[in-house]
Amino acid sequence: MTEEARVESNISLDDHVEAQLAEFLNLENPKSFFLFAGAGSGKTRSLVNALKHLAAQYRDRLRLRGRQVAVITYTNAACDEITRRTEYDPLFLVRTIHSFAWLQIQSFNADIREWLRTNLQQEIADITEEEQKGRAGTKASASRQTQIESKQRRLARLDEIKTFTYNPNSDNRERNALNHSEVIKIFSTFLLTKPLMQRLFVEKYPFLLIDESQDTSKALIDALLAVQHAHASRFCLGLIGDTMQRIYPDGKERIETAIPQDWATPEKKLNHRSPRRIVRLINQIRNGADNHKQEPRDDSTDGWVRLFVFPVTVEDKPAMEDGVRSYMAELTGDGDWNDANKCKILTLEHHMAAKRMGFQGLFEALASVDDFRTSFLDGSFAATRFFTHSILPLVNAQERGDKFAATKLVRESSPLLSKDSLKGSEKPIDQLRSAQTAIDSLMGLWVCSLCRQRGVVRHASRREGIGV
């Protein structure tokens with residue numbers, strides 16, 4: 001066999017998986033599946049090809065009955081990528097898990113109210129029991145009492161709320177808003193307990209594909225598995241992922257063990273991304289966890305792998321890493337190891353990131369609270385989102401003198417420039433001045449915090465207004 005033929009045969013190693021998926025995605029005889037697809041295996045390409053197959057085979061039949069193919073991904077960026085690669089085809093509903101869940105329940109206001117009533121009563125009872133068992137006068141006791149009071153107030157207001165709201169990309173601080181975890185729990189509960197909703201769901205989405213399924217909420221995965229079992233002859237559930245890449249604690253642990261025996265379990269084995277030595281290392285690392293092994297492309301390079309082990313007591317870890325990069329630069333003859341802009345450092349764990357980036361105290365304070373931990377780690381925690389999505393972008397806009405961006409952020413987030421405030425003010429210009437004063441105050445706090453952090457005194461940079 002020639003070298004060219006050998007390379008070609010290796011590159012096409014997983015081509016049969018595409019054909020298998022096409023067989024499973026059959027409107028008359030659907031077969032649910034779990035596709036194992038490790039790092040660099042091209043799972044997004046397989047997902048897109050599967051969607052294109054469905055469009056080619058069933059577009060007219062699905063559209064005639066108002067049906068869609070649903071795709072759940074973990075991030076907005078992944079949604080955008082799949083939507084772009086399917087050319088914005090309206091046959092496909094591509095959403096993040098929270099957005100998809102809210103779309104299914106948003107019109108069930110009366111049912112949501114009753115679910116909240118039952119859930120709040122149970123949470124109040126649980127926390128009250130904890131308080132009775134705990135010590136009075138402690139911080140934990142004060143926190144429990146605050147939670148009880150907050151939940152009691154929310155319970156008392158339930159009947160006043162006619163319509164519930166939710167935004168998967170917002171903090172949802174309004175009185176009638178649901179939080180992120182509630183949306184998932186409500187959707188999961190409704191799927192399990194409302195047979196009519198199950199039938200409507202299956203009729204609307206005969207195919208549901210879930211990317212990064214190992215990080216999808218355990219409650220939702222369990223509910224969808226129950227729906228698939230009840231409607232196996234007319235509903236195809238396709239789970240895609242790799243159990244070793246599970247990141248978030250509320251995901252379905254060891255999801256492969258929950259897959260029914262009658263499901264198909266195709267596997268993509270070729271790693272298109274990594275050099276050969278990297279693939280061998282990956283296989284050795286996961287050898288004790290499962291029997292999945294990847295293969296490198298025959299046309300990939302050997303690459304370089306070195307494992308450095310240092311004692312946990314090392315104080316200057318950045319200097320230690322600089323030494324590793326210098327060693328690798330000399331070993332490989334590649335000077336980019338010493339260029340911070342070209343050498344990527346992977347941080348595998350949140351606590352590690354907090355230590356390296358200087359916010360360990362903040363991390364430990366929030367991650368240690370059970371009610372905060374999951375949302376804090378997955379980026380949906382309201383307090384941190386307020387900083388990352390409102391405060392930091394505004395500060396950045398001010399520092400680069402971008403008046404347009406600053407004005408847009410304030411109009412979107414501040415009650416000072418809301419439509420009601422501007423309409424109710426006799427002099428709207430006063431509202432703008434108040435907003436500018438608030439921005440100036442924020443920038444003053446920001447500069448002072450930097451001064452304290454760096455131990456230096458510096459003057460605030462030239463202020464940029466918001467167009468007053």
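Here's a quick tour of the sheet and the aromatic rings in this structure. It's a predicted model, where local features need pLDDT of at least 70, side-chain atom pairs count only at pLDDT 80 or more, and totals for chains, interfaces and linings use all residues. Residues are numbered from 1 along each chain as its sequence is written, and side-chain values use heavy atoms, leaving out hydrogens and water.

- Strand β1 (residues 33–37) runs parallel to β5, joined by four bridges, and Phe36 stands opposite Gly241 in β5.

**Aromatic rings**
- There are 11 aromatic pairs in the structure; rings of Phe, Tyr and Trp (its six-membered ring) pair if their centres lie within 6.5 Å, with planes under 30 degrees apart counted as stacked, over 60 as edge-to-face and the rest as tilted.
- Take Phe201 and Phe235: they're edge-to-face, 6.1 Å centre to centre with 65 degrees between the planes.
- Phe201 is in helix α9 (residues 195–204) and Phe235 is in the loop between α10 (218–230) and β5 (236–241), so their pair ties together parts 34 residues apart in sequence; helices are DSSP runs of H or I, at least four residues.
- Phe201 is buried at 4% relative accessible area, and Phe235 is buried at 0%; buried means under 20%, exposed over 50% and partly exposed in between (1.4 Å probe, protein chains only).
- Ring pairs link Phe201 and Phe235 with Phe100, Phe187 and Tyr205 into a cluster.

Technical notes. Helix = DSSP H or I, 4+ residues; strand = E, 2+ residues; numbered from the N terminus. Pairing = 2+ DSSP bridges.
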